[in-house]
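Good morning, colleagues. Please turn to the model on the screen, and I shall begin with its aromatic rings.

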Amino acid sequence: MHTYLLKHQRPVPHFIMFDQPTQAFFPEEVHDLGALTDADWEAVRSYFSLMRDVVNRNGQGLQIIVCDHVNLRDEWFRDAVIENWRQGKALIPTDW
């Protein structure tokens, strides 16, 4: 929908935020590789690939922000990660 609205120069925010689109307790791939079936991982990989492709099609016109537990090994995924809130790091610092 954002692609259509941006293409037709309609007023729409130039970002989308997704909070845990996979699910709240999806395992981190690099540690929990055997926790789910290959089909589950492929579905998640396809979902994030779609988001990457939509952003690429829109150039600088769209940003997608995702907060999720999944941590794919794919280089394109790792390149897109800005912050990995694990091992004591958090969106809201504990000392606040």
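Trp 76 is partly exposed, with a relative accessible area of 24%; buried means under 20%, exposed over 50%, and partly exposed in between, with a 1.4 Å probe and protein chains only. This is a predicted model, in which local features need pLDDT of at least 70, side-chain atom pairs count only at pLDDT 80 or more, and totals for chains, interfaces and linings use all residues. Residues are numbered from 1 along each chain as its sequence is written, and side-chain values use heavy atoms, leaving out hydrogens and water.

What sits over the ring of Trp 76? The charged end of Arg 52 does, 4.3 Å from the ring centre; the rule asks for NZ of Lys or CZ of Arg within 6 Å of the centre and within 35 degrees of the ring normal.

I turn to ring pairs. Rings of Phe, Tyr and Trp (its six-membered ring) pair if their centres lie within 6.5 Å, and planes under 30 degrees apart count as stacked, over 60 as edge-to-face and the rest as tilted. The count comes to 3 aromatic pairs. Among them, Tyr 47 and Phe 48 are edge-to-face, 6.0 Å centre to centre with 90° between the planes. Trp 76 and Phe 77 also form an edge-to-face pair, at 6.0 Å and 80°.

Which of these residues are buried? Phe 48 is buried at 7% relative accessible area, and Phe 77 is buried at 8%. Tyr 47, at 35%, is partly exposed. Ring pairs link Tyr 47, Phe 48, Trp 76 and Phe 77 into a cluster.
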